[in-house]
Every structure is written in C-alpha cells, then in structure tokens.
Amino acid sequence: MKCVYCCNEIKDGNFAREHVPPKSFFKKGTSSLITIPACRACNNKKSSDDEFVLNILSMSDLISINPEHQFHIDKMLRAVKRPQKVGFIKEILSSTHTAVTSEGSKNAFIFDESKVSGWAGINAQGLLVHEEHIEHCNYKHSTMMLNLLKVEFPDEKQLLELILSLTKSTPSKLVGSSEFKYWIQTQDEGYVVIQCFYEELFFLTMVER
Ligand SMILES: [Zn+2]
C-alpha cells in the first residue's frame, strides 16, 4: 500500500490511518469520518499542520458565525492556552496591529495564509484519493481560501460566484453534522475540489494532471 502524501510504499509497522479532514475538526464521537492510508512520517507532519490551522481558525474571525460551532472554537481556544503553545502565541502577538476595514477598526494579526491554503490543498488531495482513487503524486494543485461572509473585493466576488455555481451544479457530500462539506468536479484536465468548513470558510482547489 502506498502513502497518499509521499507516494512511497508503506512498510510494515509504518502505517497510519489519516483522517481527512482531521478528526480534531469534528465533534467528539462523529462517525463516518474519511480515512486514507499514510506513512507515519507524513502523518506526523500533517498533524502539526492540522494544529497550526486549527489555532489560526480559532484566533481569527475566519470561523465564528454559527452558534452550532461555538463549542469547537472554545475547544481550540483552550488548546492554544497550553504551555507548549507559547511560541505560537508570541509569534501571533508580535504581528498584532489595528486594521481598518469596511466595518471600522479591528485588531488583526498576520499569519501565513499560504500555509493554510497549502494545508487545504493537501486535504483536497486526500479527498481525491478517497473518492477517485487517484495517485495524486502525478497532479499539481493550487488552492484559494475564501470566507463566504467576508467578501469585499471584486476578485473575491468573482471567485465566490465561481464557487457557488460549482456547488450548485455538483452534488455535495457532508461529513459530520455541519462541520464539513465538499464537492468534486471532474474535468478534462483534472479536478476541481471545493471544501467548506463550518458553513462559511471555503477552499477552492484546482488539480491538474
Ligand atoms: Zn508518506
């Protein structure tokens, strides 16, 4: 069996069942989560990226609207208070500044958006492995992140329209109660994968052969 991330053959004892999206994004006891095979090294690397993204989501206003998901944000906020997170918090605090938005001045911090998008792209690969049984190592992918409720610029509006038209023309799959939904569209040159977390945070991944 091959690892879905590095495409190397998984040797005995080196096997890890990888959750896509990560288990930590769902309520405890959520059944029918998606799993794919990975090697331990890739699984560990992915776990630390998962945690980074969860921390960013909990501290930003990227997800916050739906009271259904408040328990989740509380859980993440408790997690970032752990002593081993001091470095992460310091890094975030050092970039804190006041941002002027259409809704007035807000406290803001800088984070590596490409790291979050890259993480979502890897999730998209995992979903393709699960659904289409492809060997993703032969595919190139790029991912864009968009919050449904915070679209301000013309480019974002265009992207949102594209996402909404694709979600209307393609059947969706739901994981959990409302934590995660995804759409996969097969095209001649590859795939389009749309992921929606917590009903408001969208990622659009273009996957080329
Ligand atoms: Zn691997």
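**Close-up 1. Asp49 and Lys45 form a salt bridge in this predicted model.** The closest N and O atoms are 2.6 Å apart. A salt bridge here is a side-chain nitrogen of Lys or Arg within 4 Å of a carboxyl oxygen of Asp or Glu. Both residues sit in helix α1 (residues 40-59). They are four residues apart, about one turn of the helix. Helices are DSSP runs of H or I with at least four residues, strands are runs of E with at least two, and numbering starts from the N terminus. Asp49 counts as buried because its relative accessible area is 16%. Buried means under 20% relative accessible area, exposed means over 50%, and partly exposed lies in between (1.4 Å probe, protein chains only).

Close-up 2. Asp50 is buried at 8% relative accessible area. Lys46 is also buried, at 4% relative accessibility. Glu18 joins this pair: Glu18, Lys46 and Asp50 are linked in a network of salt bridges.

**Close-up 3. Glu131 and Lys173 bridge distant parts of the chain.** Their closest N and O atoms are 3.1 Å apart. Glu131 belongs to helix α4 (residues 113-132), and Lys173 to strand β6 (residues 172-175). The two residues are 42 apart. Glu131 is partly exposed, with a relative accessible area of 24%. Lys173 is partly exposed at 40% relative accessibility. By the distance rule, the count comes to four salt bridges.

**Close-up 4. Lys28, Lys75, Arg78 and Lys81 form a positive surface patch.** Patch residues have over 30% relative accessible area and no salt bridge; like charges are joined within 9 Å, nonpolar side chains (Val, Leu, Ile, Met, Phe, Trp, Tyr) within 5 Å. Lys and Arg count as positive, Asp and Glu as negative; His and the chain ends are not counted. Each charge is placed at NZ of Lys, CZ of Arg, CG of Asp or CD of Glu. Lys81 lies in the loop between α2 (70-80) and α3 (86-94). Lys81 counts as exposed because its relative accessibility is 69%.

**Notes on the model.** Local features need pLDDT of at least 70, and side-chain atom pairs count only at pLDDT 80 or more, while totals for chains, interfaces and linings use all residues. Residues are numbered from 1 along each chain as its sequence is written, and side-chain values use heavy atoms, leaving out hydrogens and water.

Definitions and conventions: Areas by Shrake-Rupley, 256 points an atom, 1.4 Å probe, with all protein chains shown as cover.
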